[in-house]
Amino acid sequence: MKKKSTLYLSRNGLLEPLGQSQVFAYLRGLSRNYNITLITYEKDEDWADKARLQKARTDCKDLGIRWLPQHFRQQPKIVAPAFSMIRMVWLVRREIRQRGIRLIHARSNIPAATALAVSWMTGVPFLFDLRSLFPEELITARRMRRGSFLHRAIIWAERVCLAKSAAVISQTHAAVNHIKSVYPNELKDQCLVMIPTCADLDRFTPPLDQPSGPTVHGCIGTILSGWFRTDWLAAWLSAVAQNDTDARFEIVTRDDADRVRVALDPMNKFGDRLTIGPRPSEEMPAAVRGHDLTVMFYAGGEVSELGRSPTRMAEVLGCGLPVVANEGVGDVADIIRRYNVGVVVKDGSQAAMMAALDELKALRSDPDLTSRCRKAAKEVFSLQAGTEAYCKLYANILGPSRYP
């Protein structure tokens with residue numbers, strides 16, 4: 001029985017934590033039914049890690065995945081992404097000719113625009129895996145001005161990709177409702193599927209023993225993106241420090257540690273109570289289990305945040321830990337309240353932070369908290385369920401994977 005050939009195109013790197021958790025994790029399951037070519041864009045620091053690069057090559061080879069890593073270039077602004085797209089088009093067309101690719105899975109807007117162009121040339125269908133509200137994220141981060149030429153061009157491309165793709169994937173119910181209201185004609189007869197960020201719950205599991213010692217407040221992922229509220233996180237750290245003199249803080253991030261410290265603790269009041277630094281993907285389950293809770297404050301209330309489904313939330317809940325977050329971020333607050341697995345902070349004031357700490361203290365005293373967190377992870381963020389949803393979508397477009 002021959003497998004059909006598909007191509008997965010991502011601007012994220014396979015060697016990044018997100019690439020491992022939100023690209024490769026799904027491809028493990030999909031590779032059982034499809035011959036997959038994977039094109040990713042790797043950052044310089046990841047290319048320099050020869051051991052991890054070789055391990056990724058071996059992992060892909062073992063699964064029968066043809067991995068074609070490319071160099072990620074962000075500068076000069078506009079020019080670099082444009083040249084990247086031109087090379088993407090060339091690469092994807094080459095793979096279609098040589099490998100008989102039957103479906104392009106495009107993760108986010110730039111890969112989707114590339115897939116659209118190649119689809120026009122070749123007739124090969126593509127999936128638009130929206131994942132976030134990309135134009136709104138750029139505006140929130142002040143990287144683009146609403147109404148500018150670049151903004152209009154991105155909106156036009158997004159509109160056409162939504163209309164011409166074989167199916168559209170979003171990661172939150174809030175984003176689905178938003179794009180339906182913005183693009184009613186393009187999505188009128190479109191296949192629109194919601195698949196949230198998922199976590200491998202066989203890796204992200206609760207600790208065997210209850211942690212002892214100081215309470216560790218964790219925060220995972222980029223916080224210098226422009227759409228993370230560093231001022232709220234700084235206010236949280238300050239409130240915690242006043243409330244608990246023994247508490248410790250760990251920021252697990254690939255962001256520049258000096259810049260993060262300046263943003264959160266410019267006077268160095270926390271000293272060695274605050275640690276900042278990256279962890280490789282294979283160490284992330286242990287890193288999460290080393291925390292007692294996770295804090296994440298995004299630019300809630302901005303349209304860009306309706307499409308956010310934080311990977312860290314899925315992984316943290318899988319480890320049986322509660323989440324401290326804010327309103328207006330995808331489905332985050334709804335999940336926290338529905339399963340009673342965390343605290344939703346009202347605003348960035350010191351009073352709101354202190355009130356949230358009181359609520360958190362009561363929540364953490366509940367002996368059923370760990371099991372509720374784990375239940376929420378299984379019901380909302382299961383990797384198996386997410387993989388099955390992708391397999392079903394592939395099969396709906398291509399039919400059963402029996403012939404090339």
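Predicted model: local features only at pLDDT ≥ 70, side-chain atom pairs only at ≥ 80, totals over all residues.
Student: What should helix α5 span, and how far apart are its end C-alpha atoms?

Tutor: The expected span is 1.5 Å times one less than the number of residues. Helix α5 covers residues 109–122, so its 14 residues should span 20 Å. The end C-alpha atoms are 20 Å apart, which agrees.

Student: How many residues of α5 are buried?

Tutor: Buried means under 20% relative accessible area; exposed means over 50%; partly exposed lies in between (1.4 Å probe, protein chains only). Ten of the 14 residues of α5 are buried, so the helix is mostly covered. Among them are the run from N109 to L116, then V118 and S119.

Student: What covers the buried residues of α5?

Tutor: Look for contacts, meaning heavy atoms within 4.5 Å. The cover includes the strands β1 (4–10), β4 (103–107) and β5 (126–129). It also includes the helices α4 (79–99), α6 (134–140) and α7 (149–164).

Student: Where do the buried residues of α16 fall, seen down its axis?

Tutor: Start with the list: L383, G386, T387, Y390, C391, L393, Y394 and L398 are buried. Their directions from the helix axis to the C-beta atoms define the arc. Down the axis of α16 they fall within an arc of 160 degrees, so they line one face of the helix. The face turned away from that buried side carries the exposed residues Q384, K392 and N396.

Student: What caps the N-terminal end of α16, and what follows the helix?

Tutor: The cap is S382. A side-chain oxygen of S382 lies 3.3 Å from the backbone nitrogen of Q384. A polar contact is a pair of N or O atoms within 3.5 Å; within protein, one must be able to donate a hydrogen and the other to accept it, and residues adjacent in sequence count only if both atoms are side-chain atoms. Just after α16, G399 takes a positive phi of about 85 degrees.

Student: Which residues touch L30, and is L30 buried or exposed?

Tutor: L30 lies in helix α1 (residues 17–30). L30 is buried, with a relative accessible area of 0%. Leaving aside neighbours within four places in sequence, L30 contacts I36, T387, Y390, C391 and Y394. T387, Y390, C391 and Y394 are also among the buried residues of α16.

Student: Which residues of the largest nonpolar core touch the most other members?

Tutor: In soluble globular proteins, nonpolar side chains tend to be buried together. A nonpolar core is a set of buried Ala, Val, Leu, Ile, Met, Phe, Trp, Tyr and Cys residues joined through side-chain atoms within 4.5 Å. The largest has 66 residues, and L233, W236, I251, F297, M313, L317 and V345 touch the most other members. Helix α9 (residues 230–243) gives the most to this core, with nine residues. Beyond four places in sequence, L233 is in contact with C219, I223, F228, I251, L264, V295 and F297. A second, separate core of 32 residues includes V92, I96, I179 and Y183.

Student: What does the side chain of N326 meet?

Tutor: N326 is in strand β12 (residues 323–326). At 1% relative accessibility, N326 counts as buried. A polar atom of the N326 side chain lies 2.8 Å from the backbone oxygen of Y298. Contacts of N326 beyond four places in sequence include R229, W232, F297 and V345.

Student: Which strand pairs with β8, and in what sense?

Tutor: Two strands pair if DSSP finds at least two bridges between them. Five bridges join β8 to strand β9 (residues 248–252), and the two run parallel. H217 stands opposite F249 in β9. Both faces of β8 are covered: V216, G218 and I220 are buried on one side, H217 and C219 on the other.

Student: How many bridges join β1 and β2?

Tutor: Six, in the parallel sense. S5 has N35 in β2 as its bridge partner. Strand β2 (residues 34–42) is mostly covered, with eight of its nine residues buried.

Definitions and conventions
Residues numbered from 1 in each chain as written. Heavy atoms only, no water. Helix = DSSP H or I, 4+ residues; strand = E, 2+ residues; numbered from the N terminus.
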